[in-house]
Amino acid sequence: MAGSGLERKIQKYPIFDIRHSEKESGSWVLDGFSAKLDEGSAKISGKVWLVPDLKADVTNANIQKIASIFPNISKYGVIGTLSASMEIKGEGKDIFTTGEGVLNKAVIAKIPFEDVSANGNTKRES
């Protein structure tokens, strides 16, 4: 099953433009999935379900608009932009994650975050 050029809205924001998705051997695979909101975008490629093996990139995401979709988050007065990249592989005790990101001109719960960056990775040991 493949999708192409589907647009979705969450609340009043048109954000999704699914380029390719398909089910292979029981796993959902995204190939070139992209979502856009204003100047921000996200791209995801790889298996997302049953066992994740994916990469994602987020560029200039407006976290205030994203938070407005989730009332429990927007109550903290979230503003700013987020750019990040991440990778997830495996599940359970074999999961591996890695990523890095930057918050720019952000405020969360009245605490300013100007050009804050973070990176890290995890691998669960047996």
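Which residue in strand 5 does Lys36 stand opposite? In this predicted model, the residue opposite Lys36 is Ser41.

The pair belongs to an antiparallel arrangement. Strand 4 covers residues 27-37 and strand 5 covers residues 40-49. Eight bridges join these two strands.

The chain as a whole contains two helices and 10 strands. Their order along the sequence is β-β-β-β-β-β-α-α-β-β-β-β. The chain has 126 residues, and 25% of them count as buried. Its accessible surface comes to about 8600 Å². Carbon and sulfur atoms contribute 55% of that surface. Among contacts with a separation of 6 or more, 28% are between residues 24 or more positions apart.

Two residues were examined individually. Glu87 lies in strand 7, which runs over residues 79-89. Is Glu87 buried or exposed? The relative accessible area of Glu87 is 17%, so the residue counts as buried; the cut-off for that class is under 20%. The side chain of Glu87 makes a polar contact of 3.4 Å with the side chain of Lys89. Leaving aside residues up to four places away in sequence, Glu87 touches Leu54, Lys55, Phe96, Thr97 and Thr98.

Ala109 is placed in a loop. That loop lies between strand 8 (96-108) and strand 9 (111-113). Ala109 has a relative accessibility of 38% and therefore counts as partly exposed. Which residues does Ala109 touch, not counting those up to four places away in sequence? The contacts are with Tyr76 and Gly77. Ala109 and Gly77 are 32 residues apart in sequence. In space, their C-alpha atoms are 5.6 Å apart.

How values were computed. Residues numbered from 1 in each chain as written. Predicted model: local features only at pLDDT ≥ 70, side-chain atom pairs only at ≥ 80, totals over all residues. Heavy atoms only, no water. Helix = DSSP H or I, 4+ residues; strand = E, 2+ residues; numbered from the N terminus. Buried < 20%, exposed > 50% of the residue type's maximum accessible area, 1.4 Å probe, protein only. Contact = heavy atoms within 4.5 Å. Polar contact = N/O pair within 3.5 Å; in protein donor to acceptor, adjacent residues only side chain to side chain. Areas by Shrake-Rupley, 256 points an atom, 1.4 Å probe, with all protein chains shown as cover. Pairing = 2+ DSSP bridges.
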